[in-house]
Amino acid sequence: IIKISILHILAVAVVFMFTGIIKASDLDVFLNGEVAVTPNVLIIFDISGSMTEDDTIGADGKRETRINVAKKVLSEIVKENPNVRWGLMTFPDDIDRSGDLKFECRDMKDGNMEALLTAINATWPIGQTPIAGALAEAGLYFAGQNSYFHSGVKYTSPIQNECQPNYIILMTDGQSTKDIGVKQSGWIDGSQFYDLRNKESALVK
């Protein structure tokens with residue numbers, strides 16, 4: 001069963017630290033030992049128009065835009081926690097009410113960290129704030145299912161182990177502004193959703 005923890009961060013300043021590789025001690029019963037499982041952490045980055053506002057005071061005492069502060073914070077989080085499989089999703093830059101997967105969760109090696117930092121710094125504010133749609137799309141990504149909002153897209157789940165921790169960091173400066181009219185059919189309305197093994201139904205909450 002997929003376990004997803006959501007941190008809804010309403011301020012642009014974030015303190016989010018991992019102490020290292022998370023241990024999957026639940027497997028000790030079967031493997032008679034400690035197994036290290038690297039967590040997947042998907043960042044959902046708010047790139048809505050309001051992120052251009054320069055109402056934030058930087059470390060040098062000068063005003064900065066929300067997007068620049070958020071980029072700096074996210075970049076530091078990634079660099080200080082290399083033992084995490086980081087990924088990046090942004091709010092869409094068009095009328096879609098979902099999320100756009102910019103960087104799949106993967107180990108931070110072989111140039112992946114540099115590529116992720118580049119993707120974070122390449123973002124620019126445009127569009128709206130579809131929080132519910134983006135979280136729904138992130139759930140489908142973790143489950144390895146077809147995209148609900150992007151036709152013809154089927155995700156490959158980043159989950160490598162059933163006990164692997166999976167997290168979402170939601171970096172946003174406000175409330176949802178573009179979830180009105182989101183499709184109300186399928187699993188979003190509470191229908192059953194199948195786990196990765198597809199052997200038995202498991203309602204993901």
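A residue counts as exposed when its relative accessible area is over 50%, and Asp110, at 74% relative accessibility, is therefore exposed. This is a predicted model; the mean pLDDT of the chain is 74, with 67% of the residues at 70 or more.

**Confidence**

- Mean pLDDT by element is lowest in strand E1 (residues 4-9), at 32, and highest in helix H3 (residues 112-121), at 97.
- Residues 181-185 have pLDDT below 50, and in the model this stretch makes eight contacts beyond near neighbours in sequence.
- Residues 191-205 also stay under 50 in pLDDT; the model gives them 26 contacts beyond four places in sequence.

**Strands E2, E5 and E7**

- Strand E2 (residues 40-45) pairs with E7 in the parallel sense, over six bridges.
- E2 is also joined to E5 by six bridges, and these two strands likewise run parallel.
- Val41 stands opposite Tyr167 in E7.
- Six of the six residues of E2 are buried. Asn40, Leu42 and Ile44 point one way from the strand, while Val41, Ile43 and Phe45 point the other way.
- E7 is mostly covered as well, with five of its six residues buried.

**Nonpolar core**

- In soluble globular proteins, nonpolar side chains tend to be buried together.
- In this model the largest nonpolar core holds 41 residues. Ile44, Phe45, Val78, Trp86, Leu88 and Leu116 have the most contacts inside this core.
- Two or more residues each come from E2, helix H2 (66-80), strand E5 (85-90), E6, H3, H4 and E7.
- H2 gives the largest share of the core, seven residues.
- Leu116 touches Val78, Trp86, Leu88, Phe103 and Met108, leaving aside residues up to four places away in sequence.

**Aromatic pairs**

- The whole structure contains two aromatic pairs.
- Tyr141 and Phe142 have ring centres 5.7 Å apart and planes at 50°, so this pair is tilted.
- Tyr141 and Tyr155 also have ring centres 5.7 Å apart, but with the planes at 80°, so this pair is edge-to-face.
- The pair of Tyr141 and Tyr155 links distant parts of the chain, 14 residues apart. Tyr141 belongs to helix H4 (residues 131-143), and Tyr155 to the loop between H4 and strand E7 (166-171).
- Tyr141 is buried because its relative accessibility is 0%, and Phe142 is buried because its relative accessibility is 0%. Tyr155 is buried too.

**Strand E6 and the loop to H3**

- Arg106 lies over the face of Phe103, at 4.0 Å from the ring centre. Phe103 is also one of the residues that Leu116 touches.
- Asp110 is in the loop between strand E6 (100-106) and H3.
- Although Asp110 is not a glycine, its phi is positive, at about 55°.
- Asp110 is exposed, whereas Tyr141 and Tyr155 are buried.

Technical notes: Residues are numbered from 1 along each chain as its sequence is written. Side-chain values use heavy atoms; hydrogens and water are left out. pLDDT is the predictor's confidence in each residue, from 0 to 100. Helices (H or I, at least four residues) and strands (E, at least two) are DSSP runs, numbered from the N terminus. Contact means heavy atoms within 4.5 Å. Rings of Phe, Tyr and Trp (its six-membered ring) pair if their centres lie within 6.5 Å; planes under 30 degrees apart count as stacked, over 60 as edge-to-face and the rest as tilted. Buried means under 20% relative accessible area, exposed over 50%, partly exposed in between (1.4 Å probe, protein chains only). A charge sits over a ring if NZ of Lys or CZ of Arg is within 6 Å of the ring centre and within 35 degrees of the ring normal. Two strands pair if DSSP finds at least two bridges between them. A nonpolar core is a set of buried Ala, Val, Leu, Ile, Met, Phe, Trp, Tyr and Cys residues joined through side-chain atoms within 4.5 Å.
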